[in-house]
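Please look over the sequence and the structure shown here before you read the briefing below. The notes that follow take one topic at a time.

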Amino acid sequence: MAQEESRSISENTKWGVQKRFQQGKAHVPTTYFLGYTEDEDGNIIIDEKQAKVVKRIYWEVLEGKGTPTIAKELMKDGIRTARNKKTWTSDSVYKILRNEKYKGDCLAQKTVTVDFLTHERVRNKEHQPQYYIRNHHPAIISEEDWEKVQEELNRRSKMFRDPDNKYNMAYSGAAPFSNKLFCGECGRPVTRRRLTTHCGEDSAPVKFTAWHCRVASKRDPNFKDCKCSYVWEEELERAFMKLLFDIKKGKAKLIEDVELSIEEASLTEEEDRRLNELGTQIDRITDKITAMAARSTGSNETIYEATMRHLIYEQEILQMEYDGLSENKKESEYLEENLKILIEVLENIKGPEEDFDPDILTKVIEKGIVYNKWRVEFQLKCGVSYEVDARRRPQRSKKAE
Ligand SMILES: [Zn+2]
């Protein structure tokens, strides 16, 4: 958010000052917002049990853990998400880490309506001013820790994007696993390497391509704490094609699993109606704020500020609920679309030893997590994950001697 676009409203507004402005109680969607709940008056308050989970997530990032590892461990410990779901993804952990609400602030007016017929909303970039409110509700993470976590995430994302393409070695043909593999032990990117091994009876050097965690392969100057093993590219490819065959054999189970995740994400009729209603309400309040912002403060600056703050507060509450619902709606549509694609792909898989096809990989894989001992988890775009064994198999036959 550019500085000039934002308008900081009252730096030191204390939470307690914020009383309900409008008649009745607005629904506070703390269901989409781990760590908070509401009191009898509808004020946002900290839910101590959930706040512990939020603190744990922030703390573990500062300890050097990656978001996939954090997600895996939360599931192992049976911890539920804000919507009381058992499944944690690297992405859902990441969103918690990036959310300014955990330091007590909130950024209002994140979306504006662009299409009045479909009511489709887009992220507010330059269309309208954004309002950043400090001390909007009680903080779970201190400003200082929150900033530290942002720095760490920024540093990791720079690594992930690999701006100078240093780690994506030039090979004939594309490297289909590029930017898709992450280390399950430390969460950092897994990149491609050329290695030499002295196997075979005569100990002749054999060159091969492998994928290895950047930290474990000692190519990250800042970290040395990972010992994850590398996997042969050949074995990754083999394991992937075999997985497709196995999925095809158990197609009924796959469809059942995906439909379950679609059902979890999709909106009920009532939620769908609520989503439309929220769009209209947000528009109305946005108009009020815009009109108010264009007006001069007049003689009573205090009332002006208070009114503005309340409007923004109301808007933010509606917006949070809107974002939560619309995210679920989009997710269910995405899963459905990708289930169709996967089923099409499976039609053409004939056996377990099919030649590797990089196009198929791109079509169906969201990402892969490489764990120690050559275990690889393939996360499919249709929302299901499979763990496979990508251990180097003994050579079946020696080439002509
Ligand atoms: Zn690692």
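**Strands, rings and charges in a predicted model**

In strand β10, W211 is the residue that stands opposite R192.

- Three strands make up an open sheet in the order β9-β10-β11, and their pairing is antiparallel.
- The edges of this sheet are held by β9 (190-198) and β11 (231-232), each of which has a single partner strand, so one side of each is left without a neighbour in the sheet.
- Between β9 and β10, which run antiparallel, there are nine bridges.

**The aromatic rings**

- The count of aromatic pairs comes to eight, where two rings are taken as a pair if their centres lie within 6.5 Å.
- One of these pairs is formed by F177 and W211, whose rings are edge-to-face, with 5.9 Å from centre to centre and 65 degrees between the planes.
- Because F177 lies in the loop between α4 (143-161) and β8 (181-183), while W211 belongs to strand β10 (residues 205-213), this pair ties together parts that are 34 residues apart in sequence.
- F177 has a relative accessibility of 2% and therefore counts as buried, and W211, with a relative accessible area of 2%, is buried as well.
- F177 also pairs with F356: the ring centres are 5.9 Å apart and the planes stand at 15 degrees, so this pair is stacked.
- Through ring pairs, F177, W211, F240, F356 and F378 are linked into a cluster.

**Charges over rings**

- The charged end of R392 is placed over the ring of W232, at 3.7 Å from the centre of that ring.
- K367 lies over the face of F182, and its distance from the ring centre is 5.3 Å.

- N348 has a relative accessible area of 54%, and because the cut-off for an exposed residue is over 50%, N348 counts as exposed.
- Although N348 and F245 are 103 residues apart along the chain, their C-alpha atoms are separated by 9.7 Å.

How values were computed. Residues numbered from 1 in each chain as written. Predicted model: local features only at pLDDT ≥ 70, side-chain atom pairs only at ≥ 80, totals over all residues. Heavy atoms only, no water. Phe/Tyr/Trp six-rings, centres within 6.5 Å; stacked < 30°, edge-to-face > 60°. Helix = DSSP H or I, 4+ residues; strand = E, 2+ residues; numbered from the N terminus. Buried < 20%, exposed > 50% of the residue type's maximum accessible area, 1.4 Å probe, protein only. Lys NZ or Arg CZ within 6 Å of the ring centre and 35° of its normal. Pairing = 2+ DSSP bridges.
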